[in-house]
Amino acid sequence: MACLFGHKWNGCKCEKCGNTRDEQHDWDLCKGKCKRCGKMQAEQHDWDGCICKRCDKTRDAGHDWSRCKCSRCSKPRDVENLTDQSVLADIASNGDIYSVRIKATEKLADENLKQKVYANIVKSDKYYNDKKMKRLKK
Ligand SMILES: [Zn+2]
Ligand SMILES: [Zn+2]
Ligand SMILES: [Zn+2]
Ligand SMILES: [Zn+2]
């Protein structure tokens, strides 16, 4: 059925013939898709730090670091780019994720502290000991 006397637009789509127009889309911003006609655009999330408030998608920015991981999305911290020695020392001494802790320790500038932390990790972390034993046996 053609709409000879004008379409009956409901947003971007004609209710009568199903034609679409490129205006008044009903965007699902997180999916970047019009709910009515399926047209796509770039996703637009409502970021609150690293998490979208609407759809819970996460991004690799705006993390809320608490020592070894993001307190919001639990992403392990990438300590490679960390230069703040006090933060590194805190992670190395008190961190709760083994791999992050080791990396932070490796970046410590203070050799004394580094040795101390290594000693602590070896003492306290059974996992590390097990791994070391296995490596020695090979
Ligand atoms: Zn129409
Ligand atoms: Zn549309
Ligand atoms: Zn979203
Ligand atoms: Zn995060």
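This is a predicted model: local features need pLDDT of at least 70, side-chain atom pairs count only at pLDDT 80 or more; totals for chains, interfaces and linings use all residues.
**Entry: W9**

I started with W9. I found W9 in strand β1, which covers residues 9–10. Burial would need 20 or more. Next I looked up the contacts of W9. Leaving out residues up to four places away in sequence, W9 touches C14 and R21. I also checked a distance to T20. W9 and T20 are eleven residues apart along the chain, and their C-alpha atoms are separated by 8.4 Å.

**Entry: N19**

I moved on to N19. N19 sits in the loop between β2 (13–14) and β3 (27–28). I counted 14 other C-beta atoms within 10 Å of N19, so this residue is partly exposed. Which residues does N19 touch, not counting those up to four places away in sequence? I noted H7 and C14. I then took the distance from N19 to D84. N19 and D84 are 65 residues apart in sequence, and 59 Å lie between their C-alpha atoms.

**Entry: positive phi values**

I looked at backbone angles next. Q24 is not a glycine, yet its phi is positive, near 50°. I placed Q24 in the loop between β2 and β3, the loop that also holds N19. Q24 counts as partly exposed because it has 13 C-beta neighbours inside 10 Å.

D56 is another non-glycine residue with a positive phi, of about 70°. I placed D56 in the loop between β6 (51–52) and β7 (65–66). D56 counts as exposed, because 10 C-beta neighbours lie inside 10 Å. The cut-off for exposed is 12 or fewer.

**Entry: helix α1**

I turned to the helices. Which residues of α1 are buried? I found L88, I91 and A92. Viewed down the axis of α1, the buried residues fall within an arc of 95°, so they line one face of the helix. The general rule for such a pattern is that an α-helix has 3.6 residues a turn, so residues three or four places apart point the same way. I looked at the other face too. Turned away from the buried side of α1 are the exposed residues S86 and N94. I then asked what the buried residues of α1 pack against. They pack against α2 and α3 (111–124).

**Entry: α1 against α2**

I checked how these two helices meet. The axes of α1 (residues 85–94) and α2 (residues 98–106) come within 8 Å and cross at roughly 135°. α1 and α2 are therefore oblique to each other. Roughly antiparallel would need an angle over 145 degrees. I recorded the crossing of α1 past α2 as left-handed. On the α1 side, L88, I91 and A92 make the contact, and on the α2 side V100, R101, A104 and T105. I sorted the contact of α1 with α2 by class and got five nonpolar, one polar and one charged residues. The three contact residues L88, I91 and A92 of α1 are buried.

**Entry: helix α2**

The buried residues here are R101, K103, A104 and T105. R101, A104 and T105 also belong to the contact with α1. The buried residues of α2 pack against α1 and α3.

How values were computed
Residues are numbered from 1 along each chain as its sequence is written. Chains are lettered from A and ligands numbered from 1 in the order in which they are written. Helices (H or I, at least four residues) and strands (E, at least two) are DSSP runs, numbered from the N terminus. Two residues are in contact if their C-beta atoms, placed from the backbone, lie within 7 Å. Axes are lines fitted to C-alpha atoms, for helices over the stretch in contact, and angles run from 0 to 180 degrees between N-to-C directions. Angles under 35 degrees count as roughly parallel, over 145 as roughly antiparallel, 65 to 115 as roughly perpendicular and the rest as oblique. A crossing is left-handed if the near helix is turned anticlockwise from the far one by less than a right angle, and right-handed if clockwise. Ala, Val, Leu, Ile, Met, Phe, Trp, Tyr, Cys and Pro count as nonpolar, Asp, Glu, Lys and Arg as charged, and the others, Gly among them, as polar. The arc is that of the directions from the helix axis to the C-beta atoms.
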